[in-house]
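This report describes a structure for a reader new to it. The sequence and the structure come first, and the text follows.

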Amino acid sequence: MKSKIFAFFNQKGGVGKTTSSINLAINLSSLNQKVLLIDFDPLANASLGIGIYNNANLKSLFSVYIDEAKIENIIIKNVFYDLDVICAKKDLINIKDFKNSNDNWFLKALQKIKHNYDFIIIDTPPGFNIINKLILKTITDIIIPIQPQYFALDSLFKILALIKLNNSISFHKTKILGILLTMFDQRINLAKDVYQKVSTIFKQHLFKTIIYKNIKLAEAIAYGKPINIYDKQLKTKNYYFILAQEILNKYE
Ligand code: ATP
Ligand code: MG
């Protein structure tokens, strides 16, 4: 299979990008896929969420950006099972501009290693900034996590317009793999309303798998562990395992 480069992308903050990146990565890995998780958010939530704390030896993609390190040398191998990770540090905020007007450095770096992986999954920062522009020019597929709240549809329309614009001006084309409903609470009418609207308007894009609100997912991140490791009992209710299967089915 050709390696896929995904990013969880939504300019809105707190919609489940990091939780989804970590837990999809580990679940694809548990299904015998070779996966690289890249934390590209200067806040380093995904790195912390899998228990990797900043230390003097840790290098982020900033080191690749300034040619201080090669991408293959900043990969931390077999963090959980055989999941590989590139961590983030706050030095990523220094990626301010395209390098010598070259907006391809990230794409070129990934091209050197992507053949080693079935999936590369990138956790993105919120907002719309230089890092997100770089990511959009690099990924094969985008996953849009949305929390079923009042502004969800509005931000969804904006992201879709952005991808359309990006695809029209860029040589690199990004596909929408799916819209993922996160932190869904079926007791809340507004959540059901938003789900109805999204499934009517974007039916072809909506993942069948829904990520329900579950405190264990929040706890696992706080303890620096993916859900599978934090709560082995959860297996049958592991929404991200079901999502990983749904994604693999798309490629069969
Ligand atoms: P940011 O834009 O700030 O990077 P984000 O989009 O990455 O945020 P997360 O950090 O993944 O969002 O999630 C926001 C908060 O919601 C976190 O505290 C997380 O633990 C919690 N959370 C995420 N998904 C769930 C879930 N399914 N059930 C319960 N809590 C969740
Ligand atoms: Mg995040």
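In which loop is the place of Gln-204? Gln-204 sits in the loop between helix H7 (189–201) and H8. Helices (H or I, at least four residues) and strands (E, at least two) are DSSP runs, numbered from the N terminus. Gln-204 counts as exposed because it has 7 C-beta neighbours inside 10 Å.

The model is predicted: local features need pLDDT of at least 70, side-chain atom pairs count only at pLDDT 80 or more, and totals for chains, interfaces and linings use all residues. Residues are numbered from 1 along each chain as its sequence is written, while chains are lettered from A and ligands numbered from 1 in the order in which they are written.

Helix H4 (residues 105–113) has the buried residues Trp-105, Phe-106 and Leu-110. These lie on the same side of H4 because they cover an arc of only 130 degrees around the axis, taken from the directions from the helix axis to the C-beta atoms. The face of H4 turned away from the buried side carries the exposed residues Lys-108 and Lys-112. The buried residues of H4 pack against the elements below, with contact meaning C-beta atoms, placed from the backbone, within 7 Å.

| Element | Residues |
|---|---|
| strand E1 | 4–8 |
| helix H3 | 61–65 |
| strand E5 | 119–123 |
| helix H5 | 130–136 |

Key
Buried ≥ 20, exposed ≤ 12 C-beta atoms within 10 Å, placed from the backbone. Contact = placed C-beta atoms within 7 Å.
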